[in-house]
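Let's take a walk through this structure together. Have a look at the picture first, and then we'll go piece by piece.

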Amino acid sequence: MDRVNIGNHFDLKASVFQAPRRGIYSFSFHVVKVYNRQTIQVNLMQNDYPVISAFAGDQDVTREAASNGVLLMVEREDRVYLKLERGTLMGGWKYSTFSGFLVFPL
């Protein structure tokens with residue numbers, strides 16, 4: 001699978017996006033939990049602070065997805081990434097997506 005990472009501002013090893021410039025960015029993510037009888041919580045983090053969360057907690061299904069998205073004011077060199085707060089993801093982060101792009105430079 002080819003991933004788009006123009007400018008190489010997303011560190012694939014650390015799974016962290018570092019903003020090249022100040023602006024309004026759009027971020028979205030999609031995660032899949034595994035096993036019933038558990039809840040997952042994933043936070044989108046900006047510089048170690050949670051901005052938005054997504055939860056999946058249906059107790060009667062084997063797999064369930066959670067998604068969220070946000071427009072976010074980001075300063076140059078801010079770090080944006082996902083953090084699993086609770087639960088287990090299907091295949092770790094293998095079946096999850098995290099996307100972001102600059103909407104409006106400031």
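Which residue in strand 2 does F10 stand opposite? F10 faces F17 there. Before going on, a word on the ground rules: this is a predicted model, where local features need pLDDT of at least 70, side-chain atom pairs count only at pLDDT 80 or more, and totals for chains, interfaces and linings use all residues. Residues are numbered from 1 along each chain as its sequence is written, and side-chain values use heavy atoms, with hydrogens and water left out.

Back to those strands. Strands (E, at least two residues) are DSSP runs, numbered from the N terminus. Strand 1 pairs with strand 2 (residues 16–18) in the antiparallel sense, over two bridges; two strands count as paired if DSSP finds at least two bridges between them. They belong to an open sheet of five strands, in the order 1-2-7-4-5, with antiparallel pairing. Strand 1 (10–11) and strand 5 (49–56) are at the edges with a single partner strand each, so one side of each has no neighbour in the sheet.

Stay with strand 5 for a moment, where you'll find Y49. Is Y49 buried or exposed? Y49 counts as exposed because its relative accessibility is 61% (buried is under 20% relative accessible area, exposed over 50%, partly exposed in between, with a 1.4 Å probe and protein chains only). Y49 and V80 are 31 residues apart in sequence, and their C-alpha atoms are 9.3 Å apart in space.

Now for the surface. L71, M73, F101, V103, F104 and L106 make up a nonpolar patch with about 600 Å² of accessible area together. Patch residues have over 30% relative accessible area and no salt bridge, and nonpolar side chains (Val, Leu, Ile, Met, Phe, Trp, Tyr) are joined within 5 Å. A salt bridge here is a side-chain nitrogen of Lys or Arg within 4 Å of a carboxyl oxygen of Asp or Glu. Strand 6 (63–74) and strand 8 (97–105) each give two or more residues to the patch, and strand 8 has the largest share, three residues. M73 sits in strand 6 and is partly exposed, at 33% relative accessible area.

Finally, the largest pocket holds about 1,000 Å³ of space. Of its 26 lining residues, R3, V4, F10, F98 and S99 are the closest to its centre. Strand 8 gives the most to this lining, with six residues.

Definitions and conventions. Helix = DSSP H or I, 4+ residues; strand = E, 2+ residues; numbered from the N terminus. Patch = residues over 30% accessible without salt bridge, like charges linked within 9 Å, V, L, I, M, F, W, Y side chains within 5 Å. Areas by Shrake-Rupley, 256 points an atom, 1.4 Å probe, with all protein chains shown as cover. 1 Å grid on protein atoms, 1.4 Å probe; cavity = no way out; pocket = protein on both sides within 12 Å on 5 of 7 lines; lining within 4 Å. Points joined across faces, edges and corners; volume = space filled by probe spheres on them.
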